[in-house]
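Dear colleague,

Here is the structure I promised to pass on to you. Please open it first, and then read the notes below alongside it.

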Amino acid sequence: MEIKIRRAHESDADELSQMICGNAKTTLAPYYTKEQWDVFIKYYSTEALRNKIRQQIIFCADSDGVIVGCVGLDSDFVVGFYTHLNYINQGIGAKMMKHLEAVALEKNWKEIQLAASPVGLDFYLKNGWRKVKDIIIDHYGVAFEETLMAKELQAN
């Protein structure tokens, strides 16, 4: 399977929304209250993703025209990092993150950060990220417990 990493287009918003929410329904929903889940669905709605694509640097992992993953940057903060459920543990996440790190290095950034859900924590630790501290992030007035992570960037 060949994976190409490309910039997301506004026309990708609906497919991204479905992929992210489908992934999260299985991986994250068990950890969320109903109120948190409702906010998550709103945060990753098609319209919200169109806005994110306009305002952030969002990349898609594409396999023969099918979006199998996504990741983005909002300044030096990694956002929206998801892999399609059917493609987890196939190296797509690592490939997307390497691409994102290369983009950050091109911008001469020394470090990037992200907020990790409990589900993603192990992936980040295995891929060179360090835990900074536990944090509470507020989305639409609802609190989410996450872990602030950071990674120092080094040119290869």
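Seven strands form an open sheet in the order 1-2-3-4-5-7-6, and their pairing is mixed; strands (E, at least two residues) and helices (H or I, at least four residues) are DSSP runs numbered from the N terminus, and two strands pair if DSSP finds at least two bridges between them. Strand 1 (4-7) and strand 6 (130-139) each have a single partner strand and stand at the edges, so one side of each is left without a neighbour in the sheet. From one strand to the next, the twist averages 30°, where angles run from 0 to 180 degrees between N-to-C directions and axes are lines fitted to C-alpha atoms, for helices over the stretch in contact.

The model is predicted, so local features need pLDDT of at least 70 and side-chain atom pairs count only at pLDDT 80 or more, while totals for chains, interfaces and linings use all residues. Residues are numbered from 1 along each chain as its sequence is written, and side-chain values use heavy atoms, with hydrogens and water left out.

Strand 2 (residues 57-63) pairs with strand 3 (residues 66-74) in the antiparallel sense over seven bridges, and isoleucine 57 has leucine 73 of strand 3 as its bridge partner. Helix 1 (residues 13-27) packs on the sheet, touching strand 2, strand 3 and strand 4 (77-83), where contact means heavy atoms within 4.5 Å.

Strand 4 and strand 5 run parallel and are joined by two bridges, with phenylalanine 77 opposite glutamine 113 in strand 5. Strand 5 and strand 7 run antiparallel, joined by six bridges.

Best wishes
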